[in-house]
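Colleague: I have the sequence and the model open on my screen, and I would like to walk through them with you. Could we go piece by piece?

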Amino acid sequence: RVAALVAVFVAAVGAVFAVPPLTHEELAYNQKKFEVWRQFPDQLAKHRFSSHYQSVLHEADALYEQGGEWLKKGIDLLDLEWQNIQNAQVWARRHAEDDRAACELCNSFPDAGKYVLNLRQHPRERIRWNEAALEASRTLNRRKATARHLIALGDSYTDLGEINHAIDCYEQALSLASSIRDRRGEADARSGLGQAHYLANVSVSRPMPRGDGSPVATAASWS
């Protein structure tokens, strides 16, 4: 009899405090939260990896900038960690749209190696890095960074001899830098524009021949 009363009591309490079944939308939401939680440790580790090797790139750049005996140390560090640095930038670029921390890294990767990257990257690769950084800077509303990335794109297009693309990038950078009173950005954009227009004028004129009769190259050439 006591057991029966306990059973009745438990059933009554269960009826009062029963949790209603989840809807399909709630089940889907909980599943999504679980997937995010399950992947979080892996994402966190990859973010730390990307952040660490961006710091390594910055260190190599700082050593190189010092010159002298430090210059070679910077290049050696860059070469030692180059594959990891590239992988770190790829991760930041791929996750920039849905991860703010990755977006911040993507925005700052080209700046971290502004000197040494020219030593190891073809202009096309520099363009890919700066296009990703440009998009990230716009997402973050970092207008000074946007101007810097546009100028860097202009420099790379100039190296390739794609002068029209270079001029377009410099003009966008100049307009933006002027609107936010970024004097350094204005100066760099004007300098790039001047060089690009000079090369454009040279390219349409007849090149002076060398002693062997072959024309002198008027812009940097990359295969």
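Predicted model: local features only at pLDDT ≥ 70, side-chain atom pairs only at ≥ 80, totals over all residues.

Colleague: Is N107 buried or exposed?

Modeller: N107 counts as buried because its relative accessible area is 6%; buried means under 20% relative accessible area, exposed over 50%, and partly exposed in between (1.4 Å probe, protein chains only).

Colleague: And what does N107 touch?

Modeller: Leaving out residues up to four places away in sequence, N107 touches A133, A136, S137, L140, R142, A145 and H149, a contact being heavy atoms within 4.5 Å.

Colleague: Stepping back, how many helices and strands are there in the protein chain?

Modeller: The protein chain has nine helices and zero strands, and its pattern along the sequence reads α-α-α-α-α-α-α-α-α. Of its 223 residues, 33% count as buried. Among contacts between residues at least 6 apart in sequence, 57% join residues at least 24 apart.

Colleague: Now α7, please: why does its end-to-end distance agree with its number of residues?

Modeller: Helix α7 covers residues 143–160, and at 1.5 Å a residue its 18 residues should span 26 Å, so the 26 Å between its end C-alpha atoms agrees. The expected span is 1.5 Å times one less than the number of residues.

Colleague: Which residues of α7 are buried?

Modeller: The buried residues of α7 are A145, T146, A147, H149, L150, I151, L153, G154, S156, Y157, T158 and L160. Taking two of them, T158 is buried because its relative accessibility is 5%, and L160 because its value is 17%.

Colleague: What does T158 touch?

Modeller: T158 touches I163, A166, Y170, Q195 and L199, again without residues up to four places away in sequence. The C-alpha atoms of T158 and Q195 are separated by 8.5 Å, although these residues are 37 apart along the chain. For L160, the C-alpha atom is 8.3 Å from that of R124, a residue 36 places away in sequence.

Colleague: Moving on to α8, what can you tell me about I167?

Modeller: I167 lies in helix α8, and it is buried, because its relative accessible area is 12%. I167 touches L193, A196 and H197, not counting residues up to four places away in sequence, while its C-alpha atom is 8.8 Å from that of Y157, 10 residues away along the chain.

Colleague: How much space lies in the largest pocket?

Modeller: About 800 Å³ lies in the largest pocket. Of the 28 residues that line the largest pocket, K114, R148, I151, A152 and D155 are the closest to its centre. On a 1 Å grid over the protein atoms alone, a pocket is an open set of points where a 1.4 Å probe fits, with protein on both sides within 12 Å along at least five of seven lines, and lining residues have an atom within 4 Å of a point.

Colleague: Which helix gives the largest share of that lining?

Modeller: Helix α7 does, with nine residues. By class, the lining has seven nonpolar, 11 polar and 10 charged residues.

Colleague: Last topic, the backbone: where is N141, and what is its phi?

Modeller: N141 is in the loop between α6 and α7, and its phi is positive, about 60 degrees, although N141 is not a glycine. Most residues other than glycine have a negative phi. R181, in the loop between α8 and α9, also is not a glycine and has a positive phi near 60 degrees. N141 counts as exposed because its relative accessibility is 57%, and R181 because its value is 64%.

Conventions:
Residues numbered from 1 in each chain as written. Heavy atoms only, no water. Helix = DSSP H or I, 4+ residues; strand = E, 2+ residues; numbered from the N terminus. Points joined across faces, edges and corners; volume = space filled by probe spheres on them. Nonpolar A, V, L, I, M, F, W, Y, C, P; charged D, E, K, R; others polar.
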